[in-house]
Amino acid sequence: MGSINFPAEEERVLGTWTDIDAFHRQLELSKDDPPYVFYDGPPFATGTPHYGHLLASTIKDIVPRYWSMRGRHVERRFGWDTHGVPIEQIIDKQLQEELGVRGKAAVEKIGIKEYNRRCREVVLTYANEWRKVIGRVGRWIDFDLDYKTMDPSFMETVWWVFAQLHKKGLVYHGARVLPYSTALNTPLSKSEASEEYRDVQDPAVTVNFPLLPLEEQPESTRQTVQKVLATAQGKQVSFLAWTTTPWTLPSNVALCAHPEYEYLLVLDNETDNVYIMLEAGLKVLYKDPKKAKDKFRTLPLKLKGADMAGIRYKPLFTYFYDTFRDVGFKIILDTYVKLDEGVGMVHQSPAFGEDDYQINWRDGIISAERPPPNPLNAGGEYTDEVPEFEGQHVKAADKNIIKHLEGAGRLVRKSQITHRYPFCPRSKTPLIQRAVPSWFIKVEQSVPDLLANLEKTHWVPSMVKTGRFHQWLAAAKDWNVSRNRYWGTPLPLWVSEDMKEVVCVGSVAELKKLSGFEGEIKDLHRDSIDHITIPSQQGKGTLKRVEEVFDCWFESGSMPYASSHYPFDYPDYDASDSDSGLSRTEGPGKQFFTKYPGDFIAEGLDQTRGWFYTLSVLGTHLFNTFPYKNCVVNGIVLAEDGKKMSKSLKNFPDPMLVVDRYGADALRLYLIDSPVVRGEPLRFSEQGVKQIVSGVLLPLWNSYNFFAQQAALYKKNTGEEFVFEPDMQKGNENVMDRWILAATQSLLQYVNAEMEAYWLYTVVPRLLKMVDDVTNWYIRFNRNRLKGHAAKPTTNGEADEESSDTLHALNTLYEVLYTLVKALAPFIPFLSDNIFQRLAPHLPSSLTSDKDVRSVHFQRFPTVRQKLFDPVVERQVSRMQKVIEVGRVCRDRRTISLKTPLKTFVVLHQDEEWLDDVRTLQGYVTDELNVRDLVLTTDEARYGVEFAVQADVKNLGQKFKKDAAKIKAALPKLSKEQIQSFLTEGRLTVEGHELSAEDLRVKKEIKPSKETASMEVAVEGEVMCLLDAFAYPELAQEGLAREVLNRVQRLRKRVGLVPTDDVQVLYTVLSPTAPGSNGTAAGAAAAKTKGEKAANAEVSRLEQERVLEEMFEAQAATFAKAASRGVSKAEQGGGGQEGVVAEEETEVKDVRLLLKLMKV
């Protein structure tokens, strides 16, 4: 029972949970309780769990466990994200090795059906590993009743969700700029496009864009244009733009300037033209501007970018003039324009640049009705929209476009540039950025609703809600939900060839009805439905499904509905009613909305742009609410060196090795009691986990272990099993019992309030403080009461006073431990259950009848017992603790052991109530600090207390600027009364300025003198303590005499002696160690060692005997009444029992004694 191997014990507890099917038993016990809804965000199973997963799993386990114990039914289903790029990348790698191709080319070779079969095969590669790891860290969640985004039922609900949005007019067809392989005729994911970069040479051209005449400029720009033209004095004025992709120039629709940059008018002496550009761009035109001053000069007018907004220019080409003449070919503004690249203007070709696309969409130049110019076919060759270059590949067309511009007088400079450029990892050809037709969900118009719904939710930490997530929602763009992939939920859109007729299908039944398909549809992946067509209702022939699949974030964002196949599997669903499922009070919604929105979700900080976002958008679009009420956001777990954890760098320990070494409880507590639960990063340290074991888990176990030993001793002494009595505390007057019980109630009240607010990071420190209070204060101060050596068999059913006191102490410790392990159960499920299972046999039948006490996790969270609250006692003990802690500091500074008795300990405080609180418990202070005299006083003058006021120079300087020096100079003149007032009130006026606690530091010190030379001083807040550190030899004897006298008086009391009864005290000093045999084969070999130990023990005993003899001789007067016939040493091992009325084996200051009372 003594030592414990936490990982081994956890494995044993896990075995018990498996044997009794604990998780499902807990669900069964709570099935009639009100529901508490937790949504689990689905991870990919293409890798093993890392610390980020374990952190999230710990949070996702603590909160449901807590609410289960609070009387709620918490269904916990694991979810799997089974679609998307991570899975396809695995298959692409396989196909590259097998066939030498991947992506679209590989799919065309093996077919979508085979491709998807392979994807399905690898989706859950590590599912068993996840089950093992997640279970080992103590998380209770149902892997058998899980949901997978590839399940047909899940996919059908995704269709239903999308169909509702389509009916509301929230879906439209647009474009998204993606990395594009012209060799493979397909877009690539951004991650795939970043796999291969090469150094290449590309043309770099600077092109002019002449300003239109004043009369063709918008009214709002004419004043600026007039200044420009006047400064140019009739010369041609042009904007300049620099680009390394000449092939995008035929699609130009605008120029972008930085609103804050200052632009120059530069007269080029060679062409006699005026160019508007940045000063930093002169090097593009003139290489070394300082040496080329004869080639140009700057004109006196300078323009801010913002001044040029809307100024129109002459297009380079006329291919798309008619479409954009009213909205384009003008200056627009954005801060993405760089100072150190080009000439300060960025030419805008929205179909071939992601930033270009977003900026031009924002400014209304392009829209769903007016898509950007995109005159390329699938192979990257110009179409007939650009007749001069038709059929030319974009990269090959560069030189011809440059030649055309040169002939048209629009080319200002041309050169070559070497830079890093992305290549297609499959075809090994250069990639381009290209707008790919995509399906979007409107989000921008719903931003006010999103922000309003955000306000109705509770976030921890709140700064994520008010900061990062609020900003992300406020700047939300329309959501591109389509992907040009194969393994995913297909978009349920059937369209005509001209894209004018679009049918959105919301269910399998609807697809069968619209298409007339009579076969069975068991799967909804592309290979199962792409062949199904729908007859046109507009005479457009046959509608075919679009090729795209859903962004997998749309799927995970649909999980509140899709994980339970809403609305299809709910009562009263009407397949003939397209609105079935939308009402909150009728049909499927009647049941669904009893559990929606969910109560709680939790994920990492990165999900503000992922799962949190998609949940919020879909919930708002569907039901105008976020699908969750409370959201806990954790930070990122980094390696100990502050870098990202990397398997290749091996800069972090394997999570399961840490669990095997220290246990899951230690890892859980380490993670949850860290900045990461406040949304901040955590540098993972294995040493931190180890410290949790030594600083928390071991003390908690030792507390239980101590109780178990004393309960066993109680049984040995009384012949009775200890049984907890809940009502015993009514008559308990012991101040430490009352304190620890009151502290327990305060803890429960605090934990409930904080957990209801989801502030896990405030709860754990308070729980750990309670463990410290139990182990290092209550048990330490009540060790003798709890040891029960005074307890004897009851007489006539009544216990004597000392037995009753022992029982009170045991009962108190039991109640505290019993309550504490239940409070800790959500946080450290293994050790709390381990201790609970050992405590449970001591419960009375009144608390166990009709209850399953096989696990702490089947119990209710402890309720606050209002009658045990005692704020006064809590306050008194808190102040006593502070005094003792400061006293320990004093001893530590002088390196004086607590075993060395000291004479005087002075406590100075200006609050009499504060001192009175300590006075009520001064016996504990003197005993713990081993001091004879405790002085509690407000008289600082008596001890020469002086105050030194120091300024926080930095703070004063920031707040009071030039007056700071004057304030600092005045501080030494402050009176003691002023300083005392500052200490009390926290503010003080100096030189007309009010100073606060952050501006000043008050240092208390003792004026040096002969009287204070031996004093060790320590200050903690408003309390100042002085310890006389001089070692007075006689104090040791006095302390020992008091302890022995206490034992003698207790013996007299036990046998009912009265003061007039004369007794003689006989004492025997026992050996400090009792040699024994270990009964093993190694025993004989260790005989010599045992002999040496026995000899050493005897030497120690004789020394202790000498000390006792000297003490009894010097302190004879102390024992005059209690041992009226004297104190004598008994012969060790000799003498009979004649005349002996009481005896006790006891320990006094590390001395083992046998005391006997002989009545004379």
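This note sets out points on a sheet, a helix and several aromatic contacts.

1. Basis of the model. The structure is a predicted model, in which local features need pLDDT of at least 70 and side-chain atom pairs count only at pLDDT 80 or more, while totals for chains, interfaces and linings use all residues. Residues are numbered from 1 along each chain as its sequence is written, and side-chain values use heavy atoms, with hydrogens and water left out.

2. The sheet. Helices (H or I, at least four residues) and strands (E, at least two) are DSSP runs, numbered from the N terminus. Two strands pair if DSSP finds at least two bridges between them.

3. Strands of a sheet pair through backbone hydrogen bonds, either parallel or antiparallel. Strand E37 (residues 1063-1069) and strand E40 (residues 1151-1159) run antiparallel and are joined by 7 bridges. In E40, Leu-1155 is the bridge partner of Tyr-1067.

4. Helix H10. Which residues of helix H10 (residues 222-232) are buried? They are Thr-224, Val-225, Val-228, Thr-231 and Ala-232; buried means under 20% relative accessible area, exposed over 50%, and partly exposed in between (1.4 Å probe, protein chains only). These residues cover an arc of only 125° around the axis, which puts them on the same side of H10; the arc is that of the directions from the helix axis to the C-beta atoms. The face turned away from the buried side of H10 carries the exposed residues Gln-223 and Ala-230. Just after H10, Gln-233 takes a positive phi of about 55°.

5. An aromatic pair. Rings of Phe, Tyr and Trp (its six-membered ring) pair if their centres lie within 6.5 Å; planes under 30 degrees apart count as stacked, over 60 as edge-to-face and the rest as tilted. The whole structure holds 69 aromatic pairs. In one of them, the ring centres of Trp-247 and Phe-352 are 4.9 Å apart and the planes stand at 70°, so the pair is edge-to-face. The two residues are 105 residues apart and link distant parts of the chain. Trp-247 is buried, with a relative accessible area of 3%, and Phe-352 is buried, with 9%.

6. Charges over rings. The charged end of Arg-410 sits over the ring of Phe-209, 5.9 Å from its centre. Such a charge has NZ of Lys or CZ of Arg within 6 Å of the ring centre and within 35 degrees of the ring normal. Arg-766 lies over the face of Tyr-750, at 4.5 Å from the ring centre.
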